[in-house]
Amino acid sequence: MKKIFDILVILVLLSFANSSLSAGWSGNATVTGIYVLNENRVLIKLSSFSNPDNCQTNEQGDVVLNPTTQKAWFTVLLSAYMAKKTVDIYVTSNCTPIWGNTSYADIGHVRLL
């Protein structure tokens, strides 16, 4: 019985580790651009971006957010852009496609440094 329990624990841990491999912090960067696509999508371009999930980002941006539903993140990033402050963005393991052959990282947390 203990052996089965140990195997189940290992499988659960491996599953968790596998699903979180792509998520991670962007690294300390400044916001170098904000591209407002519409009232529901904004691309944020960073001075450097580790791109943990290997999204197909381009010069238009690195991460995407919805300024209507993610007001706090948009406000913090806009403030950081205007003040030239450093941010660190935790991105989830999801990439959101916008145009053909592009996708941008979804935000999970934002730190203003």
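Colleague: How many salt bridges does a search of the whole structure find?

Modeller: Two. This is a predicted model, where local features need pLDDT of at least 70 and side-chain atom pairs count only at pLDDT 80 or more, while totals for chains, interfaces and linings use all residues. Residues are numbered from 1 along each chain as its sequence is written, and side-chain values use heavy atoms, with hydrogens and water left out.

Colleague: What is a salt bridge?

Modeller: Side chains of opposite charge can pair when their charged atoms come close. The term here means a side-chain nitrogen of Lys or Arg within 4 Å of a carboxyl oxygen of Asp or Glu. Asp62 pairs in this way with Lys45, their closest N and O atoms being 3.3 Å apart. Asp62 is in the loop between β3 (41-46) and β4 (63-65) and Lys45 in strand β3, so the pair ties together parts 17 residues apart in sequence. Strands are DSSP runs (E, at least two residues), numbered from the N terminus.

Colleague: Is Asp62 buried or exposed?

Modeller: Buried, at 3% relative accessibility. Buried means under 20% relative accessible area, exposed over 50%, and partly exposed in between (1.4 Å probe, protein chains only). Lys45 is partly exposed at 21%.

Colleague: Which residues does the disulfide join?

Modeller: A disulfide is a covalent bond between the sulfur atoms of two cysteines. The cut-off is a pair of cysteine sulfur atoms within 2.5 Å. Here Cys55 is joined to Cys95, S to S 2.0 Å. Cys55 lies in the loop between β3 and β4 and Cys95 in strand β5, so the link ties together parts 40 residues apart in sequence.

Definitions and conventions
Helices (H or I, at least four residues) and strands (E, at least two) are DSSP runs, numbered from the N terminus.
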